[in-house]
Amino acid sequence: MKQKEAMRRDKIEPVTDLNGNVIVPRYDCVTSHTARRTGITNMYLSHKYTILQMMHISGHKTQKTFMDYIKLSSDDF
């Protein structure tokens, strides 16, 4: 809804699917936080760094919050 309003305010007609959802390219959905989280997750999966090193980089104080932060699928465990 917000995307449609913003586009109309800028005089751009939004492209929508059959359900009325705005179609947005994936690169417009990526934020700096998405990139940060993906980077930390990839560091974890590379096994090149200890969890403490990655926690220092990410700023997490406990291992529990760090493990909750990274995105792992059930295949990654």
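Histidine 47 sits in the loop between α3 and α4, with helices and strands taken as DSSP runs (H or I over at least four residues for helices, E over at least two for strands) and numbered from the N terminus. Its phi is near 60°, a positive value in a residue other than glycine. Histidine 47 counts as exposed because its relative accessible area is 68%; here buried means under 20% relative accessible area, exposed over 50%, and partly exposed in between, using a 1.4 Å probe and protein chains only.

A quick word on what you're looking at: this is a predicted model, where local features need pLDDT of at least 70 and side-chain atom pairs count only at pLDDT 80 or more, while totals for chains, interfaces and linings use all residues. Residues are numbered from 1 along each chain as its sequence is written, and side-chain values use heavy atoms, leaving out hydrogens and water.

**The overall layout**

The protein chain has five helices and zero strands, so from the N terminus on the elements read α-α-α-α-α. Of its 77 residues, 18% are buried. Take the contacts (heavy atoms within 4.5 Å) between residues at least 6 apart in sequence: 26% of them join residues at least 24 apart.

**How α3 and α4 meet**

From α3, the contact uses Arg36, Ile40, Met43 and Tyr44, and from α4 it uses Ile51, Met54, Ile57 and Ser58.

**The core**

Which residues form the largest nonpolar core? There are seven: Ile40, Met43, Tyr44, Met54, Met55, Phe66 and Ile70. A nonpolar core here is a set of buried Ala, Val, Leu, Ile, Met, Phe, Trp, Tyr and Cys residues joined through side-chain atoms within 4.5 Å. Both α3 (32–46) and α4 (51–58) supply at least two residues each, and α3 gives the most, with three.

Not counting residues up to four places away in sequence, phenylalanine 66 touches Ile40, Tyr44, Ile51, Met54, Met55, Ser58 and His60.

Met54, Met55 and Ser58 are the buried residues of α4. Looking down the axis of α4, those buried residues fall within an arc of 105°, so they line one face of the helix; the arc is that of the directions from the helix axis to the C-beta atoms. An α-helix has 3.6 residues a turn, so residues three or four places apart point the same way. The buried residues of α4 pack against α3 and α5, whereas Leu52, His56 and Ile57 are exposed on the other side of α4. Leucine 52 is eleven residues from glutamine 63 in sequence, and the two are 8.1 Å apart in space, C-alpha to C-alpha.

Just after α4, glycine 59 takes a positive phi of about 90°. Next comes histidine 60, in the loop between α4 and α5 (63–69). Is histidine 60 buried or exposed? Histidine 60 is buried, with a relative accessible area of 17%. Its side chain makes a polar contact of 2.6 Å with the side chain of serine 58. Such a contact is a pair of N or O atoms within 3.5 Å; within protein, one must be able to donate a hydrogen and the other to accept it, and residues adjacent in sequence count only if both atoms are side-chain atoms. Leaving aside neighbours within four places in sequence, histidine 60 is also in contact with Met55, Thr65, Phe66 and Tyr69.

Threonine 41 is in helix α3. Beyond its neighbours within four places in sequence, threonine 41 is in contact with Ile70, Lys71 and Leu72.

| Residue | Relative accessible area | State |
|---|---|---|
| Threonine 41 | 7% | buried |
| Asparagine 42 | 46% | partly exposed |
| Histidine 47 | 68% | exposed |
| Leucine 52 | 66% | exposed |
| Histidine 60 | 17% | buried |
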